[in-house]
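Dear colleague,

I am handing over the structure below, and the notes after it set out what was found. Please read them with the coordinates open beside you.

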Amino acid sequence: MCMTDPIADMLTRIRNANRAGHEMADIPYSNMKKGIVEILREEGFIKNFKIGKDKSGHPTIRVYLKKPQGALKPLNDLQRISKPGRRVYVKSKEIPTILNNVGIAILSTSKGIMTNHQAKKENLGGELLCKVW
């Protein structure tokens, strides 16, 4: 199967597992996906993740999702911004805030994958990958 946007596939797998009430989601491994999942864990949107292998021996990332606490969901939505057909790049002054800093934007910068807060602090721009709230 030829996948043109693996980041969008990862976000969709996490979103679908979260909405279905699953405890975990398995994602094919890549370094960029690992960086995004690390940020989701640091920011408290997911419990944890592990890197392992699937039945055929391919590396995967197993994402462990948080359970909702009453009416509050730890992860409401994930939205892809920059796509293969239309890349979105922002300068450090143009980095958006997501829902009055309730959510985060994830950027790919020259110093690696980071949140909008880290990129603003380090005065870096880059490709705006996705937003999470």
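I begin with a side-chain pair: in this predicted model, the side chain of Glu-127 makes a polar contact of 2.9 Å with the side chain of Arg-87. Glu-127 belongs to strand β8, and it counts as buried because its relative accessibility is 11%, under the 20% that marks the limit. Leaving aside neighbours within four places in sequence, Glu-127 is in contact with Arg-87 and also with Ser-82, Val-88, Tyr-89, Ile-106, Leu-107 and Ser-108.

Ser-82, one of those contacts of Glu-127, is placed in the loop between β4 and β5 (89-90), and despite that loop position it is buried, with a relative accessible area of 0%. The side chain of Ser-82 reaches the backbone nitrogen of Val-88 at 3.0 Å, and, residues up to four places away in sequence not being counted, Ser-82 touches Arg-87, Val-88, Glu-127, Leu-128 and Leu-129. Ser-82 and Cys-130 are 48 residues apart in sequence, while their C-alpha atoms are 7.0 Å apart in space.

Turning to the sheet, three strands form an open arrangement in the order β1-β3-β2, with antiparallel pairing. In this arrangement β1 and β2 stand at the edges, and since each has a single partner strand, one side of each is left without a neighbour in the sheet. Neighbouring strands here are turned by 20 degrees against each other on average, with direction ignored. The antiparallel pairing of β1 with β3 runs over 5 bridges, and within it Ala-25 stands opposite Val-63 in β3, while Ile-27 stands opposite Ile-61 in β3.

In a regular strand the side chains alternate between the two faces of the sheet. Strand β1 can be read with that in mind, as Ala-25 and Ile-27 make up its covered face, whereas Met-24, Asp-26 and Pro-28 make up the uncovered one.

Helix α1 lies across β1 and β3 and runs at about 165 degrees to β1, whereas α2 lies across β1, β2 and β3 and runs at about 150 degrees to β2.

The length of α1 can be checked against expectation: the helix covers residues 6-20, and at 1.5 Å a residue its 15 residues should span 21 Å, which agrees with the 21 Å between its end C-alpha atoms. Just after α1, Gly-21 takes a positive phi of about 80 degrees. An α-helix has 3.6 residues a turn, so residues three or four places apart point the same way.

Most residues other than glycine have a negative phi, and most peptide bonds are trans. Asn-100 has a positive phi near 50 degrees; its place is in the loop between β5 and β6, where it is exposed, with a relative accessible area of 74%. Asn-123 likewise has a positive phi, near 55 degrees, and its place is in the loop between α3 (116-121) and β8.

Definitions and conventions:
Residues are numbered from 1 along each chain as its sequence is written. This is a predicted model: local features need pLDDT of at least 70, side-chain atom pairs count only at pLDDT 80 or more; totals for chains, interfaces and linings use all residues. Side-chain values use heavy atoms; hydrogens and water are left out. Helices (H or I, at least four residues) and strands (E, at least two) are DSSP runs, numbered from the N terminus. The expected span of a helix is 1.5 Å times one less than its number of residues. Buried means under 20% relative accessible area, exposed over 50%, partly exposed in between (1.4 Å probe, protein chains only). Two strands pair if DSSP finds at least two bridges between them. Contact means heavy atoms within 4.5 Å. A polar contact is a pair of N or O atoms within 3.5 Å; within protein, one must be able to donate a hydrogen and the other to accept it, and residues adjacent in sequence count only if both atoms are side-chain atoms. Axes are lines fitted to C-alpha atoms, for helices over the stretch in contact, and angles run from 0 to 180 degrees between N-to-C directions.
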